[in-house]
Amino acid sequence: MAGYKPAAIQTYPVLGEKITQDTLYWNNYKPPYNYAVTASSRIHIYGRYSQEPIKTFSRFKDTAYCATFRQDGRLIVAGSEDGGVQLFDISGRAPLRQFEGHTKAVHTVDFTADKYHVVSGADDYTVKLWDIPNSKEILTFKEHSDYVRCGCASKLNPDLFITGSYDHTVKMFDARTNKSVLSVEHGQPVESVLLFPSGGLLVSSGGRYVKVWDMLKGGQLLVSLRNHHKTVTCLCLSSSGQRLLSGSLDRKVKVYSTTSYKVVHSFDYAASILSLALAHEDETIIVGMTNGILSVKHRKSEAKKDSLPKRRRPAYRTFIKGKNYMKQRDDILINRPAKKHLELYDRDLKNFRISKALDRVLEPTCTLKTPEITVSIIKELNRRGVLANALAGRDEKEISRVLNFLIRNLSQPRFAPVLINAAEIIIDIYLPVIGQSPVVDKKFLLLQGLVEKEIDYQRELLETLGMMDMLFATMKRKESNSVLEHTSDGFLENKKIES
Amino acid sequence: MGEEASVRVVRCGGSELNFRRAVFSADSKYIFCVSGDFIKVYSTATEECVHILHGHRNLVTGIQLNPNNHLQLYSCSLDGTIKLWDYIDGILIKTFIVGCKLHALFILTRAEDSVFVTVNKEEPDVFQLVSVKLPKSSSQEVEAKELSFVLDYINQSPKCIAFGNEAEYVAAVRDFYLSVYFFKKKTTSRFTLSSSKNKKHARNNFTCVACHPKEDCIASGHMDGKIRLWRNFNDDKKYIYTCLHWHHDMVMDLAFSVTGTSLLSGGRESVLVEWRDAMEKNKEFLPRLGATIEHISVSPAGDLFCTSHSDNKIIVIHRNLEASAVIQGLVKDRSISTGLMIDPKTKALVLNGKPGHLQFYSLQSDKQLYNLDIIQQEYINDYGLIQIELTKAAFGCFGNWLATVEQRQEKETELELQMKLWMYNKKTQGFVLNTRINMPHEDHITALCFCNTEKSEHPTLVTASKDGHFKVWILTDDSDIYKNAVGWTCDFVGSYHKYQATNCCFSEDGSLLAVSFEEIVTIWDSETWELKCTFCHRAGKITRLCFGRLTCSKYLLGATENGILCCWNLLSCALEWSAKLNVRVMEPDPNSENIAAISQSSVGSDLFVFKPSEPRPLYIQKNISREEVQWGVFVPRDVPESFTSEAYQWLNRSQFYFLTKSQSLLTFSTKSPEEKLTPTSKQLLAEESLPTTPFYFILGKHRQQQGEKFNETSENELVQLPLTENIPAISELLHTPAHVLPSATFLCSMLINSLLLSKETKSAEEIPDDVDMEEEKESDDSDEENDFTEEVQDTNNTDLGVDIHQLSKSEEKELRKFRKIDYSWVAAL
């Protein structure tokens with residue numbers, strides 16, 4: 001006949017943020033190590049693990065902008081407030097090249113895909129392409145009509161790069177044609193642009209919007225995201241290309257899925273975010289903020305499995321033995337039903353060992369981690385009409401364990417109906433022996449105090465609700481969702497008897 | 001259907017199977033159980049009902065196999081007759097008229113011409129065991145008035161009487177007494193439990209008794225769960241008893257196995273306990289049988305047991321305590337709270353059945369299709385336990401969604417409510433739990449209904465509750481990038497001056513929702529959830545509410561507590577008409593505008609069928625039932641009937657079923673109940689019941705070979721040949737009484753002939769030869785014919801002769817051919 005049905009464990013919706021594999025991944029960063037960068041005309045290079053700068057470039061006359069590593073990590077280029085672009089060797093100290101030509105601050109620089117050119121955009125509305133070996137200017141594009149504040153070179157094609165400007169446009173330039181090949185209208189001053197590794201998708205941010213454009217369809221708008229409520233200042237792609245990150249002045253970093261463009265996770269920071277970067281394999285997330293603080297978060301490595309000497313289990317092949325046996329002609333196949341796994345408390349309940357089952361769910365590991373299981377088992381025992389039997393006959397230590405659980409969870413609205421009933425039964429059973437153990441008596445008094453406090457609290461809530469009702473009534477509107485739990489009067493009476 | 005018989009109320013299936021112990025046939029192939037006025041014959045292997053024996057005019061109270069002929073069955077009934085049946089063919093052989101109500105039947109092997117019955121004497125609660133002498137007579141109906149008294153003051157139930165050890169004594173129990181009557185000595189000994197005399201609330205009264213088949217040993221079951229084994233009871237002083245105790249509640253039934261080595265017991269725990277060698281420690285269990293065990297019986301062959309359960313089910317259990325078959329009737333719970341529903345997908349009748357389950361019951365085949373476990377918790381069957389009850393259920397969106405409400409109320413203030421929404425899964429063809437809502441309302445849910453519209457993009461459910469609110473639940477898309485999921489959420493909460501919401505109902509197009517708050521009906525727009533208008537007739541609380549359909553969709557009907565039926569016009573927002581009718585059930589027909597209302601008066605229940613557009617009823621049937629009718633439902637017909645008379649037109653497209661308070665399921669029909677039941681193949685049964693003799697094995701093999709042969713050859717033959725050609729020959733041979741058969745020598749050649757034929761035609765390369773043969777045979781047909789007819793006349797039986805003549809015409813030709821052929825195969829046999 002039908003097998004044993006396990007006791008129903010009440011599940012409750014987890015309040016707050018939903019736990020998904022994304023939240024787990026992005027929450028895996030260790031607590032941030034915040035420290036200040038003092039010099040505005042310097043570039044500090046920090047080691048991967050040490051929180052100290054291991055190298056500092058300080059040959060700038062004015063504020064440096066947009067330090068960018070070459071793909072191989074051997075050269076670094078940066079723009080400057082005075083219009084200069086400087087190229088450094090990572091091991092040297094003095095600038096390797098200095099590109100002079102911009103008349104105003106250079107806010108964006110990048111290496112092209114062939115590693116031998118540098119693209120720069122400046123506040124003088126121009127975009128220039130420089131040759132590294134000759135340290136000469138190759139091309140100048142004067143198509144933007146406002147500051148050029150962001151840019152990005154294609155990782156596939158050495159001749160393609162894009163720039164975003166405060167004239168609300170993002171333009172794609174081809175070094176072979178002398179002019180822009182594509183232009184898209186973002187609608188707000190563009191703060192940041194990003195090309196996908198494939199080069200097919202372009203992401204631009206400006207104002208409160210992050211927009212994704214399909215380059216292969218000639219710059220068609222694919223999706224427009226409005227998840228920030230202040231200007232989005234920076235964009236970044238995760239190493240796998242599956243997630244897009246955006247930082248904003250509203251102090252949040254949002255993580256999007258690049259398939260559905262839905263927000264899957266969000267980081268909160270202390271100040272408005274100006275810049276954002278992810279390390280290789282997403283090991284570190286670094287955020288620069290307006291208060292001058294740089295936040296670095298390291299992700300805990302996942303592969304850290306504890307190599308404790310485990311109990312030797314049967315080998316995998318014992319479990320799959322005979323599973324892939326093909327049926328021969330004259331064989332009769334007999335299917336054995338899969339053995340259903342039962343929790344320990346369910347095994348006790350199945351055999352009507354009720355006190356044992358209750359003991360099991362009153363273990364500290366269960367009561368602290370999963371109080372809903374304990375409550376569900378108490379409810380199940382009550383349904384079977386044996387709760388009084390299970391609670392009776394306990395010594396001082398065991399009863400104080402039950403009382404501890406009650407004290408901790410009685411005031412929770414979702415557990416209250418079940419636990420109040422259990423508390424009543426306990427009081428009924430142990431009333432004759434009260435006063436024999438000071439420990440238990442103290443617990444009872446504690447419980448009484450808790451209940452009185454709860455009743456006061458409920459009364460206060462009811463008063464507040466009454467006031468609010470009156471206010472709403474005057475506004476001719478009805479309140480639809482007022483949730484209020486009631487403490488049973490019977491419990492109050494019992495408490496009085498007990499005391 | 002030309003002339004129309006009058007419409008009558010007909011009981012349609014769902015009768016009790018667990019009223020008395022089931023009885024096995026001698027070969028354990030069939031199981032018999034009483035079922036109302038009928039006796040049902042089930043196959044133990046296939047669980048199919050193969051026969052229904054009808055003939056009794058009142059409740060059948062006992063059945064027993066005829067010990068002298070195990071193909072016959074005795075039955076007794078409250079109509080005062082004992083009938084003898086041939087259960088293989090389902091024929092009534094004989095009727096013995098006793099003339100007083102018979103409550104139980106016992107038959108002994110030793111007493112060939114008499115049976116024992118329990119009859120009621122004067123006082124209502126006093127019963128007697130008497131033996132009835134069955135006179136030998138050839139007539140169909142015989143008076144059997146020769147009664148001789150055996151035991152007085154016994155219990156009505158046959159469980160309390162047992163005949164023991166070669167029928168030397170009979171044991172009967174009642175209250176605190178065990179009486180044993182010895183047939184040889186003609187004395188009665190009476191034993192009392194010592195403790196029972198002085199204690200007032202002693203719980204050790206006897207409940208059932210069983211006798212050991214071989215030894216002098218009586219087992220008795222008691223109210224307190226103990227089983228006592230009595231021995232040495234020949235002596236009034238020196239009797240002894242031992243106690244077996246496992247049951248914690250009343251022992252419902254006891255049975256010894258055929259050899260007497262083990263004792264079976266069962267009770268409310270729904271666990272079958274097998275006590276080996278009457279020892280306390282040697283016991284085996286078969287747990288979780290679903291419901292209280294009412295009866296236990298053992299097959300005469302000893303290989304099967306069966307238990308009858310309170311949920312109208314018989315479980316056939318193998319000797320090694322493995323359930324092998326379940327015969328499940330319509331489960332009749334203590335109360336039908338969900339009402340009758342029709343599953344739109346399977347067209348099955350749906351109501352709550354087993355505790356915590358919803359049963360799907362096929363009306364056509366009178367069989368339970370399946371049980372849906374709603375509560376999904378271990379069922380502990382104990383006296384006084386407050387169980388979780390399934391109180392409401394509704395189907396929506398053409399059977400794609402099912403909503404159920406379960407509740408458990410221990411004290412006034414502690415109500416546990418849970419609403420579950422189930423989605424139909426096409427792949428598994430069943431319902432899967434989708435959403436579970438704890439405490440959807442703060443008080444009892446009084447009604448729930450789905451919005452069943454064609455364009456249901458947002459399935460909508462409305463629940464009305466005593467807490468004064470009605471809530472609208474809608475299906476929302478809950479999917480994110482990780483999974484696709486749908487779930488139900490509350491969309492709107494409505495109330496009207498804190499009155500209790502009692503009913504809710506959607507209009508046919510789903511645009512309006514009517515919710516009744518005690519005396520007031522409110523109409524809400526289902527798009528915006530705005531209150532449109534209210535109706536009030538000041539005639540008591542609204543008990544039933546429904547919208548008109550099709551052309552009458554502008555009407556809203558409401559029945560009130562004080563016996564007023566109101567019809568409001570939704571266009572003019574005014575009362576159209578009202579009538580004084582104490583409506584208990586009001587059901588709209590899904591296929592027409594008709595509405596059926598059943599009213600309750602002191603005399604009985606009356607049915608009214610009307611259209612909302614006119615207050616005059618189309619059809620009235622008075623007194624459809626003496627009891628209160630609780631629920632009704634219209635079931636759409638698969639094939640529409642064509643009643644031409646106006647009064648019966650409402651039955652054309654739907655059939656109306658209703659359930660009375662005593663839970664008999666009734667309907668209206670013009671046909672007799674015999675016609676309604678699905679015919680069973682009697683021929684099949686006859687074939688099946690052939691005894692397994694060596695002869696059978698030869699024939700069986702032969703038939704198998706034929707089957708193979710026809711599988712190999714063309715499919716046309718497969719359909720036609722095997723039945724028409726050969727089987728009549730064999731069955732003719734076997735079914736004809738021996739004394740009218742022709743001589744064995746004649747038959748032998750014929751039989752061998754027929755056997756050979758198959759072997760011959762089996763080989764494919766000989767088929768063309770066969771054709772040739774046919775042709776050459778036709779040429780010398782005439783003399784063959786003559787030869788044969790001469791032989792037939794020898795047999796002196798023209799009737800049979802004609803048959804043989806027809807059947808073996810071609811075979812005879814074959815036979816002639818075989819004479820020429822080599823007969824070496826005989827040696828091979």
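## Paired strands in chain A

In this predicted model, Val232(A) has Ser248(A) of S21(A) as its bridge partner. The two strands concerned are S20(A) and strand S21 (residues 243-248) of chain A, which pair in the antiparallel sense through five bridges. Strands of a sheet are held in pairs by backbone hydrogen bonds, and the pairing may be parallel or antiparallel.

S20(A) and S21(A) belong to an open sheet of four strands, whose order is S20-S21-S22-S23 in chain A and whose pairing is antiparallel. Strand S20 (232-237) and strand S23 (263-268) of chain A each have a single partner strand and stand at the edges, so one side of each lacks a neighbour in the sheet. On average, neighbouring strands of this sheet are turned by 20° against each other, with direction ignored.

## A four-stranded sheet in chain B

Chain B contains an open sheet of four strands in the order S43-S44-S45-S46, again with antiparallel pairing. Its edge strands, which pair on one side only, are strand S43 (501-506) and strand S46 (531-536) of chain B.

One residue pair can be named here: Ala501(B) has Phe517(B) in S44(B) as its bridge partner.

Strand S40 (residues 460-465) and strand S41 (residues 469-477) of chain B are paired in the antiparallel sense over five bridges. Thr463(B) has its bridge partner in S41(B), namely Lys471(B). Three residues lie between the strands in the hairpin of S40(B) and S41(B), where Gly468(B) takes a positive phi near 90°.

S41(B) is also joined to strand S42 (residues 486-495) of chain B; the two run antiparallel and share nine bridges.

## The interface between chains A and B

How many residues of chain B are in contact with chain A? There are 28 such residues, and they contact 30 residues of chain A. The size of an interface is often expressed as the accessible area lost when the parts come together. Between chain B and chain A, the buried area is about 2,500 Å², and carbon and sulfur atoms give 46% of it.

The polar contacts across the interface of chain B and chain A comprise nine residue pairs, both residues of each being at pLDDT 80 or more. On the side of chain B that touches chain A, the elements giving two or more residues are strand S30 (323-328), strand S37 (415-425) and strand S38 (430-438) of chain B. By class, this side of chain B has 11 nonpolar, seven polar and 10 charged residues.

Side chains of opposite charge can pair when their charged atoms come close. Over all chains, the structure has 33 salt bridges. Which elements hold the residues of the pair that crosses between chains, Asp373(B) and Lys5(A)? Asp373(B) lies in strand S34 (residues 367-373) of chain B, whereas Lys5(A) lies in the segment before helix H1 (21-26) of chain A.

Two salt bridges are found across the interface of chain B and chain A. In the salt bridge between the side chains of Asp373(B) and Lys5(A), the N to O distance is 3.0 Å.

Key
Residues numbered from 1 in each chain as written. Chains lettered and ligands numbered in written order. Predicted model: local features only at pLDDT ≥ 70, side-chain atom pairs only at ≥ 80, totals over all residues. Heavy atoms only, no water. Pairing = 2+ DSSP bridges. Contact = heavy atoms within 4.5 Å. Buried area = accessible area lost by both parts, 1.4 Å probe. Salt bridge = Lys/Arg side-chain N within 4 Å of Asp/Glu carboxyl O. Polar contact = N/O pair within 3.5 Å; in protein donor to acceptor, adjacent residues only side chain to side chain. Nonpolar A, V, L, I, M, F, W, Y, C, P; charged D, E, K, R; others polar. Axes fitted to C-alpha atoms, helices over the stretch in contact; angles between N-to-C directions.
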